Amino acid sequence: MPAGKEHIYSQQPVLQARGLVITFGRVVGLNGVDLDLYPGEILAVIGDNGAGKSTLIKCLTGAFVPDSGEVRLNGQPVAFRKPQDAREAGIETVYQQLAVIPALDIASNLYLAREERRKGPLGSVLRMLDKKGMERRAGKSVQDLGIQTIQNMNQAVETLSGGQRQAVAVARAAAFGSKVVILDEPTAALGVKESGMVLDMIKQLRDRGLSIIFISHNMPHVWEVADRIHVQRLGGRAGVITPSTHEMGEGVAIMTGAKTLD
């Protein structure tokens, strides 16, 4: 249990999975996986290629429907049949392949598929969008995350750096994820400086009370930000450790099967 955070783990988990199983023909994607995500924590998910990390996330967010097992949100069973179900329940996911539209501006990307109409007949009858309002609220979302390198919400995303594009995707998740934000390899294609900016954003989301699942192959990043670390191996959960109880090398050993947890 992370030092100084005992109060978090006395609470009911925000998101739980119990005994998740999914197969693809003869290939076992998940073999009875459990997961617990508590309020206001960063839970890292690590594992080798093919360990089931992305499959687990897709089962939690409705992209896949597990063959058996249960997912609970705030203690209540949920059955997400599509990603929109999870989004409506307050779970936002930023996948490794960024779902941003390069030709659109930042504000339009933040409100993609969630466009807001103007009040009164202009919105209800003429279906006009509240572009000024969305631009203003997009700017606040970006500002709240401490992103100083993005100022103009009318700027096209295709003109941004990789780190700035990732920041837009994270800001969108933070704006609409009322309970859980899931980040799949958010620093994979970034340099040192831009990775640091994204890691700072992740910490800020946690400090705002959101619960974060952080999937990464970058072990230094995991040990920098994670409160707990869920280790996936061969479709199952090999164990849960913390940066304070296990060194980075031990985590990798558990991940690869060179070491097992009691």
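How many nonpolar, polar and charged residues are in the lining of the second largest pocket? Let's look at this predicted model, in which local features need pLDDT of at least 70, side-chain atom pairs count only at pLDDT 80 or more, and totals for chains, interfaces and linings use all residues. Residues are numbered from 1 along each chain as its sequence is written, and side-chain values use heavy atoms, without hydrogens and water.

**View 1. The lining of the second largest pocket.** By class, this lining has eight nonpolar, two polar and two charged residues. Here Ala, Val, Leu, Ile, Met, Phe, Trp, Tyr, Cys and Pro count as nonpolar, Asp, Glu, Lys and Arg as charged, and the others, Gly among them, as polar. A pocket is an open set of points on a 1 Å grid over the protein atoms alone where a 1.4 Å probe fits, with protein on both sides within 12 Å along at least five of seven lines; lining residues have an atom within 4 Å of a point. Among them are Cys59, Phe64 and Arg81.

**View 2. Helix 6, residues 162-176.** Ala167, Val168 and Arg172 are among them.

**View 3. A salt bridge between Arg206 and Asp227.** A salt bridge puts a side-chain nitrogen of Lys or Arg within 4 Å of a carboxyl oxygen of Asp or Glu. In this pair, the closest N and O atoms are 3.2 Å apart. The two partners are 21 residues apart, with Arg206 in helix 7. Both Arg206 and Asp227 are buried.

Note on methods
Buried < 20%, exposed > 50% of the residue type's maximum accessible area, 1.4 Å probe, protein only. Helix = DSSP H or I, 4+ residues; strand = E, 2+ residues; numbered from the N terminus.
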